[in-house]
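This report describes one protein chain for a reader who has not seen it before. The sequence and the model follow.

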Amino acid sequence: MKNIILLVAVTFFALSCGNSETPEVEETAQTDHSYPQFEEVLSHLRMQVNTGCDGCVYAITKDPAGYSLEIKSIPELEVIDQFTIWDVQSGEFQSLEGVKEYAIDLLTYTPPGGTAADALKVAFEYDLSGLGKMMSKATSYDFFMYYGYDNWPIDVLEALEHKEHKTEVELEMLARSCDMISGDYIHPGQFGESPLKGKYEETIYKKVSPEQVDGMIEYAEKSLDYYQQLIALNPNYNTLAIGNVQLKYANSCLHYYYSLRSILEPEKAQTFLEKAEYPTPYLTFAKSLLDDCAPNSFLFTNGDNDSYPLWYAQLVLGYRTDVIVLNQSLMSSPAYFKLFQDLYQVETNLPIQEIQANKSMYLVVDQENDEPASIEELTATLLDQIKSGEEDVMKFDRVSAAVSFNYQGANLVYHHKGQLYSLGDLAVLDFMNSNPDRPAYFSSDFVLKRAGLLDHTSKKTMCVALTPSVNLEEYTDTVIERTLSEVATITASDMRLLGRLGNWKLIIWTKLIDHLDDQEDPRGVEIAQLIDANLKDEEILAIGDWDILNYLLRIKAYLAPEDRNLHADAINDYALEVLDELESMERMVDKYEAIIGVHSYCATMNAGLIYEASPTEKEGFDKVQKKLYQTIDELLASPEIDNFIWTKKKIEAIIAPY
């Protein structure tokens, strides 16, 4: 079991200190090479490796030789053996018989909190191999020509930087590779892998050598230059995970600003802040989030897009500087935790000096123990662990899954659903507990929902407020009127530029319409009508974003049937065009992704058909349904599908209700 939790810790740290974002990602063009898709690689691997590594962990690499499975030691995470999964020379998958030497003996293995059980059941329920979690990285493996090992950014640079005519995807790969190398000069291994492994030591909120500063800046500027080339080539290009390339460029400028602040180089940091420039829709979005917050409050964010535009609005425009914007993911890094604490001068009871000298900032959660512990008790446990000098996560004491903390004079209980408390988790709780005069807001209700605090929230236009007492009023008149004002100005071009942020707006507006519809409040219909009037269907269809289309269809469902029928033909035709294009796709996973989109469309149309549908609308819907299931049947009958275990199961799950 110890290798499982350490693997989780390593994976979590890699994600939390990099570009934090929601688990879903934008569709981005694939690189043009002969490597198989990651899902196919993982399927092949899982068919041969279905158990954990005894005293070690598995890692997957995609390098010039092909795909490989690495066996890494615990806790050093040094590579002790390597096996080829797929060979680039032969273009064939390989046998992994030798991996059995490192496999856990399932017959004697005891799962956590239980007794020895049937081997296959244990392997399935606890995912001993840890490979199931790797699917979350599929987009990165498929996007980058090389990925998943220390030297991959350097290998990408060597392969592409001297190419005369670079594609859009190649420019993004180069930009991201340079970004990885830049960060590694000052915070080695912050993304998991380490291109400069062993050359520099991690320093936490301290100055570093001039050589490191110069190296960081050199590659940061290279990264920004590649993004500028990409903007010149296609200003509407959507980058991996973040969205529009102009947003990614501006976010990167802010990222380098804070990176240099984290090594006490404020003057050099300022030059990157001056390079940043956000288009108006992003600043409108940032101001909307800040305007949701009461004076002198906390706003806890999670990713790049709900953090960097807000910091820009504050630092450059001087807008709502009274609000303390704290990124929970970045605070999981001791360097950024100390930076934020120093910049904002907020009170904290976390052991700052000890944190500065330590890198293992995790507490292991005992999900069997739900007896609330105080934040002070968690802090004391963390301090004991730091003083013990133990680097092996598995030697840490387990702590309760429930934590009580003081907020605005009330005692609230936070229920942690994960396996580990990160430094970011503890910082959010401690900052609220130690600064009771500051109200707290969250850019998403996801964190509070998981923590069991959803009944202590008050919904705002774009974020949620934590309330000391149970709050049963979901939306105030002020929120509804502000939403109406925002909806009246939205355009399809804004949606194209905003990308995922635009989807976020539609999700929030749809939830509000849901609520108003339940309350029989006519303002729900008014908001739906405004959205329908401002987001022209032909422009939305041209964007080709299924998420935007789906939420637009949801919104149309609130309108009178005769209004919804106006655009039914155009939407049905668009869905049929996508299904026709599936026939020309070569990659099975690409087909699967498109099918998911079409299925989402059909599910949305089903929701819309709660109302009495006109014969025209029903006929168009039936056409799409028929074409959808015909396409799925053809895919399931294809021999290639056997190599895609997850894909097949997902498709079968989709059609099961029908």
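## Helices α6 and α7

In this predicted model, helix α6 (residues 168–186) and helix α7 (residues 210–233) have axes that come within 8 Å and cross at roughly 165°. Axes here are lines fitted to C-alpha atoms, for helices over the stretch in contact, and angles run from 0 to 180 degrees between N-to-C directions. Helices (H or I, at least four residues) and strands (E, at least two) are DSSP runs, numbered from the N terminus. α6 and α7 are therefore roughly antiparallel to each other; angles over 145 degrees count as roughly antiparallel, under 35 as roughly parallel, 65 to 115 as roughly perpendicular and the rest as oblique.

The crossing of α6 and α7 is left-handed, a term used if the near helix is turned anticlockwise from the far one by less than a right angle, with right-handed used if clockwise. The contact of α6 with α7 has 14 nonpolar, five polar and six charged residues. Ala, Val, Leu, Ile, Met, Phe, Trp, Tyr, Cys and Pro count as nonpolar, Asp, Glu, Lys and Arg as charged, and the others, Gly among them, as polar.

Gly 189 lies in the loop between α6 and α7. With a relative accessible area of 15%, Gly 189 is buried (buried means under 20% relative accessible area, exposed over 50%, partly exposed in between, with a 1.4 Å probe and protein chains only). Between Gly 189 and Tyr 200, eleven residues apart in sequence, the C-alpha to C-alpha distance is 9.9 Å.

## Helices α6 and α8

α6 also pairs with helix α8 (residues 245–261): their axes come within 11 Å and cross at roughly 10°. α6 and α8 are therefore roughly parallel to each other.

On the α6 side, Arg 176, Asp 179, Ser 182 and Ile 186 meet Lys 248, His 255, Tyr 256 and Ser 259 of α8, where contact means heavy atoms within 4.5 Å. By class, the contact of α6 with α8 has two nonpolar, three polar and three charged residues.

## Helices α17 and α19

Helix α17 (residues 477–487) and helix α19 (residues 500–518) have axes that come within 12 Å and cross at roughly 130°. That makes α17 oblique to α19. The crossing of α17 and α19 is left-handed.

From α17, the contact is made by Ile 480, Thr 483, Glu 486 and Val 487, and from α19 by Lys 505, Trp 509, Leu 512 and Leu 516. These residues divide into five nonpolar, one polar and two charged.

## A residue in α14

Thr 379 is part of helix α14 (residues 375–388). Thr 379 counts as buried, at 11% relative accessibility. Leaving aside residues up to four places away in sequence, Thr 379 touches Asn 349, Leu 350 and Pro 351.

## The chain and its confidence

The chain has 27 helices and 15 strands. Of its 658 residues, 57% are buried. Among contacts with a separation of 6 or more, 69% are between residues 24 or more positions apart.

The average pLDDT, the predictor's confidence in each residue from 0 to 100, is 82, and 81% of the residues score at least 70. Residues 1–32 have pLDDT below 50, and this stretch has 91 contacts in the model beyond near neighbours in sequence. Residues 116–120 stay under 50 as well, with nine contacts beyond four places in sequence. Where pLDDT is low, the predicted coordinates should not be read in detail.

## Basis of the values

Residues are numbered from 1 along each chain as its sequence is written, and side-chain values use heavy atoms, with hydrogens and water left out. Local features need pLDDT of at least 70 and side-chain atom pairs count only at pLDDT 80 or more, while totals for chains, interfaces and linings use all residues.
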